[in-house]
Amino acid sequence: NNRPDAYRGERRPAMRQLRFGKGAQKLVFSGKKKITFRTYKEDGPDHYGFLIADTVEGVFADGMSVLLRIMATPTIKHFGLLTGQELADNGYHDLDEAYCNMKVIYPGFTMEDTIVIIRFEVLKYEGVPVVQYNEER
């Protein structure tokens with residue numbers, strides 16, 4: 001076999017991940033959740049370093065992983081300035097609902113905090129999401 005293989009004899013680099021809490025899996029698979037909000041910190045994880053068309057692993061606390069495609073350059077924005085469309089694309093009805101959820105996930109979170117908005121879609125093969133069941137994650 002003369003096919004080039006960049007990882008022959010080497011460890012394949014880990015795929016970048018987006019982790020989701022309980023309940024998000026159903027929203028993502030139904031298409032109700034198309035974006036995710038993450039806190040922005042200058043010295044924090046490189047959530048805003050995703051590029052358009054990157055493939056990442058969406059890891060759900062509900063027990064599955066799915067391949068996701070990043071659909072836009074992540075946006076850095078003040079939480080209190082989110083639009084109704086951005087809230088709806090994350091599965092929220094209004095800013096208060098999103099704020100209550102963010103305070104649970106990120107203790108000390110305020111309306112004035114800066115967030116990163118990551119837009120994604122579920123990768124599918126012939127209309128079927130590419131998923132994996134996680135027994136121990």
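The model is predicted, so local features need pLDDT of at least 70 and side-chain atom pairs pLDDT 80 or more, while totals for chains, interfaces and linings use all residues. Residues are numbered from 1 along each chain as its sequence is written, and side-chain values use heavy atoms, without hydrogens and water.

**Exercise 1.** Describe the aromatic pair of Phe20 and Phe60.

Solution. 
- Rings of Phe, Tyr and Trp (its six-membered ring) pair if their centres lie within 6.5 Å; planes under 30 degrees apart are stacked, over 60 edge-to-face, the rest tilted.
- The structure holds nine aromatic pairs. In one of them, Phe20 and Phe60 are stacked, at 4.9 Å centre to centre and 20° between the planes.
- Phe20 is in strand 1 and Phe60 in strand 3, so the pair ties together parts 40 residues apart in sequence. Strands (E, at least two residues) and helices (H or I, at least four) are DSSP runs numbered from the N terminus.
- Phe20 has a relative accessible area of 6% and is buried; Phe60, at 4%, is buried.

**Exercise 2.** Find the strands that pair with strand 6 in the antiparallel sense, and how many bridges join each to strand 6.

Solution. 
- Two strands pair if DSSP finds at least two bridges between them.
- Strand 2 pairs with strand 6 over five bridges; Thr36 has Ile118 as bridge partner.
- Strand 4 is joined to strand 6 by three bridges, and Arg69 stands opposite Glu121.
- Strand 5 is joined to strand 6 by four bridges; the partner of His78 is Thr114.

Definitions and conventions:
Buried means under 20% relative accessible area, exposed over 50%, partly exposed in between (1.4 Å probe, protein chains only).
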